[in-house]
Amino acid sequence: MATLKELKIRIGSVASSEKITGAMKMISSAKVHKEEQSLRRLKPFKDQIKSIMGHILSTGENFNSPLIETREVKRAGIVVYGSDDGLCGAYNINIFKGLLIEIDRLKRQYGRELYVEIYPVGKKMTKAVRHLASDLLEVKAVDGVDSKMKGEVVTSFTKSLRDSFLNNDLDIVETLFMSFKSMSRQTLTVEQLFPVTEKMLTADSDNAEDNQLYLFEPDANSIFNEVLPMFVMSTMQEITVQNRASEQAARVMAMQSANDNAKKLFDELQLEYNKLRQQSITTELLDILGGQVER
């Protein structure tokens, strides 16, 4: 049985842990709100691009772009988003499990000889996927590409993926990330980046009848090829912010759970301390009374 001194030390340690987890939860909550604001700023830009693409596609013309070219898939690239820091619960584990499922799905769809390149984003994910490397699977960690990368790094990274697709180094490129829904809900999402499909470009709110009001100069196909790379860039920017928001939301929930456990442990230790203290006082009183009787 622990002594009063030992219990007091443990209570102090748990109380400190409770304060730390509480502070970390508040910091992560502030970061989530910051990323939510970034998502709100990105949404109008992406929606406008999708609206323009929807108008162009509804003209019925035949569009030519190397970014929409579909070909036999022999080499696939997967950009898997994780975190750079820990203390976010099972966030990275769930993404890693999803990655294994997606690799298996691609191999079932395109053949077991499919060559896969994995581009991990975040130190934790880079460490997790490193052991997957084999003859048919290569892990490509890009310097400077992490979960905290800024817009210009995202743009540069996206361009390198686009070049790999255009040079036939990759026949399909996918992204795997946690889509942010709310503070308590993030959904594992797989989104194709290349080749770009018409389904990806069509905005739900587009009205085909309004397209009669538009005149395209110099022509619809030229505008299509100018706007399409912008759409891809905005998609990657949004995915990156979604990942950051989801990571911080997962950390908030992990810190909340840790805080609750610390509070529960604190109450249990406090109760045990009070019982032991009461027992010690009772024993001392009995000793005093026993000494008086002996006299």
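## Strands β1 and β2

V79 has Y119 of strand β2 as its bridge partner. This pair belongs to a predicted model, in which β1 and β2 run parallel and are joined by seven bridges. Strands of a sheet pair through backbone hydrogen bonds, in either a parallel or an antiparallel manner.

Strand β2 is mostly covered, seven of its seven residues being buried. Y115, E117, Y119 and V121 point one way from the strand, while V116, I118 and P120 point the other way. Strand β1 contains I78, which has a relative accessible area of 0% and is therefore buried, the cut-off for that term being under 20%. Apart from its neighbours within four places in sequence, I78 contacts several residues, including V116, E117, I118 and Y119. Its other contacts include L99, E102, I103 and L106, as well as E174 and L176.

## The five-stranded sheet

The sheet is open and consists of five strands in the order β3-β2-β1-β4-β5, with mixed pairing. Strands β3 (137-139) and β5 (185-194) stand at the edges; each has a single partner strand, so one side of each is left without a neighbour in the sheet. On average, neighbouring strands are turned by 25° against each other, direction ignored.

Strand β4, residues 172-182, pairs with β5 in the antiparallel sense over nine bridges. F180 stands opposite Q186 in β5.

## Helix α2 across the sheet

Helix α2 spans residues 91-110 and lies across β1 (75-81), β2 (115-121), β3, β4 and β5. The helix runs at about 145° to β4. The C-alpha atoms of L100 and V129 are 9.6 Å apart in space, and the two residues are 29 apart in sequence.

Helix α2 also holds E102 and R105, three residues apart, about one turn of the helix. Their side chains meet in a salt bridge with an N to O distance of 2.7 Å. E102 is buried, with a relative accessible area of 6%, whereas R105 is partly exposed at 30%.

## Salt bridges

The structure holds 14 salt bridges. Side chains of opposite charge can pair when their charged atoms come close. One of the bridges joins R71 and E69, at 3.8 Å from N to O. E69 is partly exposed, with a relative accessible area of 37%. E69, R71 and D171 are linked in a network of salt bridges.

Another salt bridge brings together the side chains of R251 and E247, at 3.1 Å from N to O. Both residues lie in helix α6, four residues apart, about one turn of the helix. R251 and E247 are both buried.

Helix α6 covers residues 220-294, and L285 lies within it. L285 has a relative accessible area of 48%, which makes it partly exposed. Together with I281 and I288, L285 forms a nonpolar patch on the surface. The accessible area of these residues together is about 260 Å².

Notes:
Residues numbered from 1 in each chain as written. Predicted model: local features only at pLDDT ≥ 70, side-chain atom pairs only at ≥ 80, totals over all residues. Heavy atoms only, no water. Pairing = 2+ DSSP bridges. Helix = DSSP H or I, 4+ residues; strand = E, 2+ residues; numbered from the N terminus. Axes fitted to C-alpha atoms, helices over the stretch in contact; angles between N-to-C directions. Contact = heavy atoms within 4.5 Å. Patch = residues over 30% accessible without salt bridge, like charges linked within 9 Å, V, L, I, M, F, W, Y side chains within 5 Å. Areas by Shrake-Rupley, 256 points an atom, 1.4 Å probe, with all protein chains shown as cover. Salt bridge = Lys/Arg side-chain N within 4 Å of Asp/Glu carboxyl O. Buried < 20%, exposed > 50% of the residue type's maximum accessible area, 1.4 Å probe, protein only.
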